[in-house]
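Please read them with the sequence and the model side by side.

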Amino acid sequence: MRLNLIGPPGAGKGTQAHRLVERHNLVQLSTGDMLRQAVTAGTEIGLKAKSVMDAGQLVSDEIVIGIISERLDNRDVRNGFVLDGFPRTLAQADALAGLLEEKRMPLDRVILLEVDDEALVERISGRFTCSNCGAGYNDTLAPTKQPGVCDKCGATEFSRRSDDNAETVRERLLAYYKSTSPLIGYYHAKDLLSRVDGMGEMEAAAAAIEEILAAIRG
Ligand code: ADP
Ligand code: ZN
């Protein structure tokens with residue numbers, strides 16, 4: 001299965017992608033994660049990307065297309081993948097279509113996670129992740145059961161993204177509406193789009209996604 005999750009920042013793409021990886025043995029392709037790794041590793045791309053990401057703007061198409069193109073050469077993607085955070089512009093979507101066509105691996109479905117703007121700011125501003133297993137939490141909306149201890153793995157180290165603050169979130173939302181939301185029409189026209197309500201519990205969105213996948217498999 002080859003899936004693409006789209007939606008505004010904070011819609012839950014990362015969480016749902018994680019779940020799909022666990023349940024369906026897919027590979028997660030997150031340009032956001034790849035860029036953050038590049039920043040941490042201090043590579044040339046990381047150095048270029050850091051200030052752009054901290055400002056809530058989009059990294060250049062050239063850079064992210066290059067990263068994804070390289071990643072798609074890896075054999076592991078042949079068993080199926082879930083794209084999360086890429087493509088984010090029409091140019092990226094066209095480049096992706098070309099790459100996948102070349103490799104005879106067309107997308108099966110594009111899933112749009114829909115969430116209201118007000119909810120997004122609250123979700124993003126309080127979020128943090130377990131440094132060990134990557135489980136996601138939120139100060140007010142989804143705290144750990146025991147303060148400072150990961151529910152899933154018991155680790156006590158957590159991290160927060162430097163771009164998860166109220167000002168940067170506004171900028172990221174703007175970039176979403178300006179550059180990414182046109183993908184909704186693009187994929188609708190290609191007959192690939194399914195919409196999922198991302199406002200409720202994470203389990204509810206996950207169940208809606210499972211229904212879509214069941215329909216694909218027929
Ligand atoms: P979110 O969707 O929660 O905002 P991501 O982890 O997907 O977070 O992305 C974080 C940042 O990384 C973005 O704000 C942007 O600067 C950069 N980025 C990630 N993916 C792309 C992409 N496909 N094109 C351009 N920039 C990207
Ligand atoms: Zn953990």
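**Notes on the predicted model**

1. Three strands make up an open sheet, ordered β6-β5-β7, with antiparallel pairing. The edge positions belong to β6 (136-138) and β7 (158-159); each has a single partner strand, so one side of each lacks a neighbour in the sheet. Strands here are DSSP runs of E with at least two residues, and helices are runs of H or I with at least four, numbered from the N terminus. Two strands count as paired if DSSP finds at least two bridges between them.

2. Strand β5 (residues 127-130) pairs with β7 through two bridges, in the antiparallel sense. One residue pair can be named: T129 has S159 of β7 as its bridge partner.

3. This is a predicted model, in which local features need pLDDT of at least 70 and side-chain atom pairs count only at pLDDT 80 or more, while totals for chains, interfaces and linings use all residues; side-chain values use heavy atoms, with hydrogens and water left out. Residues are numbered from 1 along each chain as its sequence is written, and chains are lettered from A and ligands numbered from 1 in the order in which they are written.

4. Ligand 1 is surrounded by 20 residues, the closest being T31, R36, Q57, Q92 and R172; a residue is near a molecule if one of its heavy atoms lies within 4 Å of it. Helix α2 (residues 31-41) supplies the largest share of this shell, four residues. Sorted by class, the shell holds seven nonpolar, six polar and seven charged residues. The classes are: Ala, Val, Leu, Ile, Met, Phe, Trp, Tyr, Cys and Pro nonpolar; Asp, Glu, Lys and Arg charged; the others, Gly among them, polar.

5. Polar contacts to ligand 1 (pairs of N or O atoms within 3.5 Å) include one from a ligand nitrogen atom to a polar backbone atom of G85, at 3.0 Å. An oxygen atom of the ligand is 2.9 Å from a side-chain N or O atom of R88, and an oxygen atom of the ligand is 2.8 Å from a side-chain N or O atom of R172. Taken alone, ligand 1 exposes 550 Å², of which the protein buries 96%. Accessible areas come from the Shrake-Rupley method with a 1.4 Å probe; for residues, only the protein chains shown count as cover.

6. R172 also forms a salt bridge with D163, with the closest N and O atoms 3.9 Å apart. A salt bridge is a side-chain nitrogen of Lys or Arg within 4 Å of a carboxyl oxygen of Asp or Glu. Both D163 and R172 are buried, where buried means under 20% relative accessible area, exposed over 50%, and partly exposed in between. A network of salt bridges links R127, R161, D163, D164 and R172. The structure holds 13 salt bridges.

7. R195 and E114 meet in a salt bridge through their side chains, at 2.9 Å from N to O. R195 lies in strand β8 (residues 193-197) and E114 in strand β4 (residues 109-114), so the pair ties together parts 81 residues apart in sequence. E114 is partly exposed, at 33% relative accessible area.

8. D76 and R71 form a salt bridge, their closest N and O atoms being 2.9 Å apart. D76 is partly exposed at 29% relative accessibility, and R71 is partly exposed at 21%.

9. V77 sits in the loop between α4 (61-71) and β3 (81-84). V77 is buried, with a relative accessible area of 1%. V77 and M1 are 76 residues apart in sequence, with their C-alpha atoms 9.9 Å apart in space.

Technical notes:
A polar contact is a pair of N or O atoms within 3.5 Å; within protein, one must be able to donate a hydrogen and the other to accept it, and residues adjacent in sequence count only if both atoms are side-chain atoms. Buried means under 20% relative accessible area, exposed over 50%, partly exposed in between (1.4 Å probe, protein chains only).
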